[in-house]
Amino acid sequence: MARNKFDFETTYKLLENKLTELKDLSVSLHCDFSSEIANVEKRINELKEERYKNLTPWEQVLISRDLERPMTRDYIELLCTEFIELHGDRLYGDDPAIVGGIGIFDGRSVTVIGHQKGKDTADNISHNFGMPRPEGYRKAYRLLQEAEKFGRPVLTFINTPGAEPGIGAEERGQAWAISQLLLCLSNLKVPVISVITGEGGSGGALALTIADRILMLSNAVFSVASPETCASILLRDIKRADEMAAALKLSAASLKDMGIVDEVIDEPVNEHLLDAPDFVLSLESSIKKHLNEVCSQPIAELLEQRYLRLRNIGKFWE
Amino acid sequence: MFKPAFNKKKTYIDLSGIKKSPLTFDSGEGNFSCPACSAWISEAEKIQNNDFCPRCSHHFAVTAWERIYSLCDEDSFDEWDDNLISYNPLEFPDYEEKLDKAREETRLPEAIITGRSKIGGVDVIVAAMDSRFMMASMGSVVGEKICRAIEGAIKYSLPFIIVCCSGGARMQEGMLSLMQMGKTSAAVGRLNAAGLLFISILTHPTTGGVTASFASLADIIIAEPGALIGFTGPRVIEQTTGQKLPAGFQRSEFLLQHGMIDIIQPRLEIRSLLVQLLNLHQGGSHGEKQV
């Protein structure tokens with residue numbers, strides 16, 4: 001079982017190293033290897049593409065957790081202008097694991113709320129690894145109420161391992177904070193669009209994913225519990241998390257089939273997400289399209305649809 | 001080198017708070033040890049004592065049907081939706097076997113019983129979860145039955161009362177289970193909009209996705225003494241943080257102290273409390289005088 005995304009990337013790393021050697025050699029020997037170099041490059045890209053097209057669910061879990069993926073602040077910078085971040089829950093503190101504020105997207109002012117992980121270990125610690133405490137959910141709650149007051153649509157970006165497991169979080173009512181947010185979003189009188197950008201971890205992610213439309217990046221995942229947790233509880237062996245990742249049907253494609261996700265946005269194979277113009281364009285146009293649709297509906301009709309959307313999830317015999 | 005015994009500083013454990021009832025050690029056939037105080041009890045003693053430990057009043061788990069019978073007026077319970085059956089939508093390994101085993105052991109179709117009933121003569125919609133059925137985890141059927149019960153409460157304009165216990169969302173149904181949190185919370189939203197009373201009774205243990213959805217959204221939250229109630233389980237918190245958990249962490253008394261629940265009520269007194277609460281909520285708005 002691969003431990004991180006680079007385990008299965010080692011093959012390309014080797015080839016890429018060879019390629020760099022070849023390039024260096026061509027410079028130092030003043031020889032023209034350009035056609036060979038082009039060939040090797042093409043071969044590497046083909047291999048990568050082939051590999052990324054056939055990722056296992058566990059590999060997608062590893063990719064979804066990658067800290068090089070864009071975080072909520074990156075998406076805000078990409079999509080919004082004039083963004084102002086707002087802070088604090090007015091009760092206890094300000095949670096760095098959830099960012100929120102107001103900005104302009106596609107000519108409309110919108111409230112944006114999302115989970116925030118750090119870019120490296122130090123940064124990640126300061127954001128508590130993107131695991132919100134009750135303060136984070138209560139800040140989100142407050143910002144949602146503010147959005148409702150001013151009739152402003154809401155965008156949420158989901159990327160968290162889950163709500164923080166901790167003594168303080170329990171003392172301050174983690175479960176109460178999450179349930180309040182679920183209730184609030186389920187009948188918030190403004191349109192809500194959620195984008196699952198990375199790791200959708202359990203109730204801590206769901207708290208911001210009650211929406212009129214749910215979009216999901218192709219390598220993002222959303223799961224009832226992490227594959228590791230399921231493996232340790234159900235199989236008593238955390239090393240079999242890859243089996244659980246497959247069994248949980250946590251990939252974007254599976255969730256689209258289940259009717260939980262509305263649209264999957266394809267990720268590029270070779271580039272960093274935000275460096276790929278096709279990806280940026282399709283993300284932007286997809287949010288625009290859905291936002292235009294939900295904003296043009298009367299709010300009573302939208303709320304009825306939001307309720308039915310949730311109400312119809314579940315499979316059983318009767 | 002050994003130090004002389006008389007130089008050793010002695011520290012004594014404070015035993016003043018512990019009840020002085022005798023501890024019995026009759027570990028004969030069918031007897032078991034109380035998980036809270038380790039006293040040996042027989043099944044007969046337990047039943048005689050209304051499912052409490054005779055020594056420390058530990059509340060043993062009771063079945064959903066026992067809950068219904070102990071809370072509702074005699075012969076008033078009309079069960080709903082007992083035809084809803086779980087299957088294995090994700091083809092999750094071993095799920096069918098677990099369901100079969102749970103059905104066989106509990107003789108219940110699923111981990112929750114819902115229906116219409118009377119408590120102290122007042123019509124109510126009532127639900128009770130059963131921890132013997134896969135730790136009363138919430139999958140599609142549990143979520144659906146709760147929603148139908150709430151929608152029934154709205155249809156007949158009745159209060160909704162639920163006795164909760166659960167390990168959280170059911171892993172074997174994946175995201176279908178997790179979404180039940182949103183689904184049940186949305187139904188509570190409609191109950192609120194209809195201005196109807198919602199009482200939740202939290203019993204040992206209520207954790208995870210159930211605590212973080214409908215269970216904590218009630219108008220009035222009652223808990224049984226000593227029940228474990230929280231979001232993340234204590235073992236996971238201990239493992240991930242490496243911190244020693246404070247005494248009584250996530251127990252009902254801890255939650256009352258931190259402002260998360262309204263009342264801690266011993267099991268035998270819950271019915272009378274419900275009758276009183278139902279009466280207080282009748283008659284209606286703006287201080288109209290009750291006759």
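Buried residues make up 45% of the 318 residues in chain A and 43% of the 291 residues in chain B; a residue is buried if 20 or more other C-beta atoms, placed from the backbone, lie within 10 Å of its own, exposed if 12 or fewer, and partly exposed in between. The model is predicted: local features need pLDDT of at least 70, side-chain atom pairs count only at pLDDT 80 or more, and totals for chains, interfaces and linings use all residues. Residues are numbered from 1 along each chain as its sequence is written, while chains are lettered from A and ligands numbered from 1 in the order in which they are written.

**Chain A overall**

- Chain A contains 14 helices and eight strands (DSSP runs numbered from the N terminus: H or I over at least four residues for helices, E over at least two for strands).
- With a radius of gyration of 21 Å, close to the 20 Å from the globule rule for 318 residues, chain A is as compact as a globular protein of that length (the radius is taken over C-alpha atoms, and the rule is 2.2 Å times the number of residues to the power 0.38).
- The C-alpha trace of chain A spans about 70 × 50 × 45 Å along its principal axes.
- Of the contacts in chain A between residues at least 6 apart in sequence, 70% join residues at least 24 apart (a contact requires C-beta atoms, placed from the backbone, within 7 Å).

**Enclosed helices of chain A**

- Helix α3 (residues 57–64) of chain A is largely enclosed by the rest of the structure, because eight of its eight residues are buried.
- The buried residues of α3(A) include W58(A), E59(A) and Q60(A), and the packing partners of the buried residues are β5 (192–201), β7, α10 and α11 (241–247) of chain A.
- Helix α8 (residues 174–186) of chain A has 13 residues and reaches 19 Å from its first C-alpha to its last, close to the expected 18 Å (1.5 Å times one less than the number of residues).
- In α8(A), 13 of the 13 residues are buried, so this helix too is largely enclosed by the rest of the structure.

**Contact between chains A and B**

- Chain A gives 42 residues to the contact and chain B gives 49 residues.
- On the side of chain A that touches chain B, the elements giving two or more residues are α7 (167–171), α8, α9 (202–206), β7 (221–223), α10 (227–235), α12 (252–258) and α14 (299–311) of chain A.
- The largest share of that side, eight residues, belongs to α8(A).
- By class, the side of chain A that touches chain B has 26 nonpolar, ten polar and six charged residues (Ala, Val, Leu, Ile, Met, Phe, Trp, Tyr, Cys and Pro count as nonpolar, Asp, Glu, Lys and Arg as charged, and the others, Gly among them, as polar).

**Chain B: domains and sheet**

- Chain B has nine helices and nine strands.
- Domain 1 (21–60) and domain 2 (62–280) divide chain B, with bounds from an automatic or database domain assignment.
- The C-alpha centres of domain 1 and domain 2 of chain B lie 26 Å apart.
- Five residues of domain 1 of chain B contact seven residues of domain 2 of chain B; the domain 1 side has one nonpolar, three polar and one charged residues.
- Seven strands of chain B form an open sheet with mixed pairing, in the order β3-β4-β5-β6-β7-β8-β9 (strands pair if DSSP finds at least two bridges between them).
- The edge strands β3 (78–80) and β9 (263–264) of chain B each pair on one side only.
- Strands β4 (residues 112–119) and β5 (residues 122–129) of chain B are antiparallel, with eight bridges; I113(B) has A128(B) in β5(B) as its bridge partner.

Conventions:
Contact = placed C-beta atoms within 7 Å.
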